[in-house]
Amino acid sequence: MDRIRIVGGNRLNGTIPISGAKNATLPLMIASLLTAETLILENVPRLADVIQLQRILGNHGVDIMIEGKRPGDEPASGRTLHISAKNIVDTTAPYELVSTMRASFWVIAPLLARMGEAKVSMPGGCAIGTRPVDLLIMALEKLGAEIEIEGGYIIARAPNGLRGGEIIFPKVTVSGTHVALMAAVLAKGTTVIDNAAREPEIGDVADCLNKMGAKVTGIGTSQLVIEGVAKLNGTRHAVLPDRIETGTYAMAVAMTGGDVLLQNTRADLLQSALDVLVKTGTTVTPTNDGIRISRNGAALMPVDVTTAPYPEFPTDLQAQLMALMSLANGTSHITETIFENRFMHVQELARLGARIGLDGETATIEGVKRLRGAPVMATDLRASVSLVIAALAAEGETMVNRVYHLDRGFEKLEEKLSRCGAVIERISS
Ligand code: UD1
């Protein structure tokens, strides 16, 4: 299993190109199942999750052609995928495939909407608390689906097609909103989704669906209204920038000090996180093609932050902020309200010398003067990267074990950081 070796202490200086968002790419690829025509996606990041989803879609009969590089293309620019779900040969998503990536469960919506049936294994994915699918099932039922659970599989049927309905989510759910949206675009009549998630990745998918001929309004608000259409067409769509990758590198620079331009990204995608960084004493300057992050030797100020659905502070940056606050000049509090049990990074950060106490959903972080390198274990995607950024600021060598989590969500991590002066290498085994 690959490991990453980091020798901390260097400031980061230079430019980091930000990739297309993983959390938009996955549902966009899944949305290709809604049409017999080709969906062309640009700015697709090279990630293990994307490759895994290619396999899963391939199992349904989807053809994916990856455009080659042209001379003069930026080395870091994303790939272009031509995805054709002309012939869906199988409406079952088996356990062996779905259990490796939770988001692949979402194929249930387009398969059901277009084919009238789907049989999808209950999901797996990151080990961050129980992540149920009850609200996804509720949404499909509101659109007229008949649901059965059998042998670990959810079987959804709508022999006469789905029909529009009113879906009121009792809590904000990204997965629920994606599934409801993808099912509703081909349903007969009007669907209203209330308390919809407002994450930019939902908006990106809704924009793409509209280009495919869907009729979605209310994008960016908590009420989506969808007029069902009989069929969708192909289109070309560029995936929006990854706000979590952006925020992660911003925190890395805040932690090590230095001056880095995060390129091909947008401040409005992560304003709440940038506001927190400003409070820590980091300088954040939006530019024409990205965001410049810099911090000189000034002390990091502690902050109190609570994670919440967009536009509030994202749970996917919680672990990284905790790493940063472990070097603050004072005590910070971070409360996690989205996922229970999303604190597995705490004991690993402690191995580097961080002082963190846990009380229910709140972590109290007492800033220390320095962290020291140590062997650590990556536990989930965002936790893993929090260890990487802590290691960049720690004295001496850190070995991050089990880095396959990182490969699921961070494109060319070592390359992007080492080009800015970090000592970081992958040790393959
Ligand atoms: C997505 C993101 C993930 C991010 C999370 C929250 C992708 C691929 N993943 O995950 O990176 O951390 O949003 O921003 O986009 N819930 C239920 N019942 C359900 C569904 C969800 O109770 O049927 C709960 C979950 O347990 C959790 C909360 O709702 O406590 C939010 O989950 P959700 O927004 O659906 O997260 P994901 O879509 O799984």
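A: The nonpolar core

Of the 148 residues in the largest nonpolar core, those that touch the most other members are L181, L209, L321, L413 and L417; such a core is a set of buried Ala, Val, Leu, Ile, Met, Phe, Trp, Tyr and Cys residues joined through side-chain atoms within 4.5 Å, where buried means under 20% relative accessible area, exposed over 50% and partly exposed in between, with a 1.4 Å probe and protein chains only. Because domain 1 (3–17 + 241–427) and domain 2 (26–231) both give residues to this core, it lies between them; these bounds come from an automatic or database domain assignment. The centres of domain 1 and domain 2, taken over C-alpha atoms, are separated by 30 Å.

This is a predicted model, in which local features need pLDDT of at least 70 and side-chain atom pairs count only at pLDDT 80 or more, while totals for chains, interfaces and linings use all residues. Residues are numbered from 1 along each chain as its sequence is written, and side-chain values use heavy atoms, with hydrogens and water left out.

Leaving aside neighbours within four places in sequence, L209 is in contact (heavy atoms within 4.5 Å) with A31, L34, L181, V185, A214 and L232.

Turning to a helix, α5 (residues 134–142) has L135, L136, I137, M138, A139 and L140 as its buried residues, and these pack against α4 (108–115), β8 (146–150), β9 (153–157), β10 (166–168) and α6 (174–184); helices (H or I, at least four residues) and strands (E, at least two) are DSSP runs numbered from the N terminus. After α5 comes G144, whose phi is positive, near 95°.
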